[in-house]
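View the structure first, then read on.

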Amino acid sequence: MLLVKNLIKKYKNELAVNNISFQVDEGEIAILLGPNGAGKSTTIKSIVGLLKYDGYIEICGYKNKTIEAKKVFSYVPEVSSMFDLLTIYEHIEYIAAAYGIVDYKDQAEELLKRFDLSDKRNKLGKELSKGMMQKVSICCALITHPKVILFDEPLMGLDPKAIKELKKAIVELKEKGASILISTHIIDSVDDFWDKVLIMKNGNIVLAGTRKELMSRNETLEELFFDVTEEKE
Ligand code: ADP
């Protein structure tokens, strides 16, 4: 379970995240929507522990910056960075070792096949295209069997087959009880599989609810999004 309580992040004078709270339950896919500059990436980076912030963040009962929390969560950043001199396969091996996972080889093969990387396994980090880096980053996140996983704009730059496979993998994680948070500004890309939506604007959550709660309004996600994010005349 992911718990965010009273998260506040200021960059010098700018309030990027203004006291937001939410939780993502086990087996739940939550999507964090919002226009550019709404505060989505800042929220994600705070949860991951890359930024200093005020507030409280808990991952499966542990404070987010503790080693116990880090063991159970994974993060796929918007822009992936690779080790120049490690091959694709060595990236997966390295992450498996870092998380203390011994029995990873079969799953590594499966992931490589799934994301069309099998024949490219010996390519070095510095030789990869952006889309390939993104796929390696996804494989590294999935090899750890995370209980909480965060994706920042995960579908950007992926080819259609990888998008299909990633969506399938996300649903499989949900079925295993993981808490999944996906930040995006492209509503269509996630419309078919969310359980909870959090819409941000100007650092605030302006709408939050489960699919059941929000669909009783008889509006599409896109309509709800524009209702709460467009300036009223
Ligand atoms: P989103 O991911 O929703 O596009 P961000 O979290 O990146 O939004 O940004 C939220 C606000 O914080 C924006 O106004 C942005 O300009 C500002 N911001 C983001 N990163 C920085 C930074 N490193 N320094 C100063 N301001 C930042």
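## Helix pair α3 and α4

In this predicted model, helix α3 (residues 88–98) packs with helix α4 (residues 105–114) at an angle of about 140°. Their axes lie 11 Å apart. Angles over 145 degrees would count as roughly antiparallel. The angle here is about 140°, so α3 is oblique to α4. The crossing of α3 past α4 is right-handed.

Which residues make the contact? From α3 come I88, Y89 and I92. From α4 come K105, A108, E109 and L112. By class, the contact of α3 with α4 holds 5 nonpolar residues and 2 charged ones. No polar residues take part in this contact.

## E28: position and burial

E28 is part of strand β3, which spans residues 28–33. Is E28 buried or exposed? Its relative accessibility is 9%. Buried means under 20%, so E28 counts as buried.

Two interactions of the E28 side chain can be listed:

- The E28 side chain reaches the backbone nitrogen of D25 at 2.9 Å.
- The E28 side chain also makes a polar contact with the side chain of K196, at 3.3 Å.

What else does E28 touch, leaving aside neighbours within four places in sequence? E28 is in contact with Q23, A178, S179, I180, D195 and K196.

How values were computed:
Residues numbered from 1 in each chain as written. Predicted model: local features only at pLDDT ≥ 70, side-chain atom pairs only at ≥ 80, totals over all residues. Heavy atoms only, no water. Axes fitted to C-alpha atoms, helices over the stretch in contact; angles between N-to-C directions. Helix = DSSP H or I, 4+ residues; strand = E, 2+ residues; numbered from the N terminus. Parallel < 35°, antiparallel > 145°, perpendicular 65-115°, else oblique. Left-handed = near helix turned anticlockwise from the far one by under 90°. Contact = heavy atoms within 4.5 Å. Nonpolar A, V, L, I, M, F, W, Y, C, P; charged D, E, K, R; others polar. Buried < 20%, exposed > 50% of the residue type's maximum accessible area, 1.4 Å probe, protein only. Polar contact = N/O pair within 3.5 Å; in protein donor to acceptor, adjacent residues only side chain to side chain.
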